[in-house]
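Q: I would like to learn how to read the sheet, the core and the chain contact here. Where do we start?

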Amino acid sequence: MIRVAILLTLATPAFADSNLPPSEWADRQLPDARQEAQAMTLMQEIRCLVCQGQSVADSDAELAGDMRALIRQRIAAGEKPADIRAWLIQRYGDWVSFSPPVKPLTWPLWAAPILILIAGGVLAGRKLSRRK
Amino acid sequence: MKRLLLALPLLLLAAFAGVALWRLSSPPDNIIRSKLEGQPVPAFALPAALPGRSGFDSASLADGKPRLLNIFASWCVPCIAEAPVLLDLQKSGVTIDAIAVRDRPEDIAAFLDRNGDPFGRIGSDLDSKVQMTLGSSGVPESFVIDGRGIIRYQHVGPIMPQDMATILTEMEKAR
């Protein structure tokens, strides 16, 4: 029993990671502050493919590092963030972007906050006017 | 009416708990498929992953022959499970080109020594860039590419013995 416990503490989790170091631009800021800010904004809106609830900016997964490197390199090469996002969406679907596009399928998503706000306003208005 | 209104919060809670239980017991599928099925392989060029082995580029995939493009890595555990099935596929006449993701030549050589080598050409994708270009989100993944260089089918995860028939059918369809 104790031996098993010791073995378990020694065992490393079977985490799929390569033996290569992270990409050069995975954790290094671009020298141009404006470009770095653009890259950062985009990285926070792109979903990590491995840890799917996290953005690429937050994730420690290797693939997320490679995605950060890809985004930084493309921004440094003068590409627009919108084009990089489109490139990723073309490959992984709308899912990969945290900001959903406005299209018929997502109209309810965009309309819901407005509708809820209106409903809340009406409720509050009635309550307040009754009190007078 | 008043009673119904009073019961509403409880009903909402019950509905919420129901949905939560349902999603916890059958979590949504978190496989991310490439959206490029049916489209030409995007342009890429990869250097050889091993000395004495050739790398390849996207243009060379449109040579009239269908093939399987396998994305693997020596550090990937499920790739070991898939290896014997890939060998079987190769024996039944499937051409397999491979992309080694984030890998070192010596590690790939050791992996192939140990698990068999079903591959024709092996390209090295050091920074996962070609993997992302293909819309792949992990290792292993495989793409059936037809003779015109169009992606016909994507298999996410290891190809297990029970998947062999599907792969062979897709290869036949890509002919």
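A: Start with pairing: two strands pair if DSSP finds at least two bridges between them. Keep in mind that this is a predicted model.

Q: What is the strand order of the open sheet in chain B?
A: The five strands run β5-β4-β3-β6-β7, and the pairing is mixed. From one strand to the next, the twist averages 20°.

Q: Which strands of chain B stand at the edges?
A: They are β5 (122–125) and β7 (151–156). Each has a single partner strand, so one side of each lacks a neighbour in the sheet.

Q: How many bridges join β3(B) to β6(B)?
A: Five, and the two strands run antiparallel. N70(B) stands opposite S142(B) in β6(B).

Q: Which strands does α5(B) lie across?
A: β3, β6 and β7 of chain B. The helix runs at about 170° to β7(B).

Q: How should I read the nonpolar core?
A: In soluble globular proteins, nonpolar side chains tend to be buried together. Here the largest nonpolar core has 36 residues. F72(B), I99(B) and I122(B) are among those that touch the most other members. Elements giving two or more residues include β3 (67–72), α2 (77–91) and β4 (96–101) of chain B. A second, separate core of 20 residues includes A64(A), A69(A), I75(A) and I32(B).

Q: How many residues does the contact take from each chain?
A: It takes 20 from chain B and 20 from chain A. On the chain B side, eight are nonpolar, five polar and seven charged.

Conventions:
Residues numbered from 1 in each chain as written. Chains lettered and ligands numbered in written order. Predicted model: local features only at pLDDT ≥ 70, side-chain atom pairs only at ≥ 80, totals over all residues. Contact = placed C-beta atoms within 7 Å. Nonpolar A, V, L, I, M, F, W, Y, C, P; charged D, E, K, R; others polar. Core = buried A, V, L, I, M, F, W, Y, C linked by C-beta atoms within 7 Å. Buried ≥ 20, exposed ≤ 12 C-beta atoms within 10 Å, placed from the backbone. Helix = DSSP H or I, 4+ residues; strand = E, 2+ residues; numbered from the N terminus. Axes fitted to C-alpha atoms, helices over the stretch in contact; angles between N-to-C directions.
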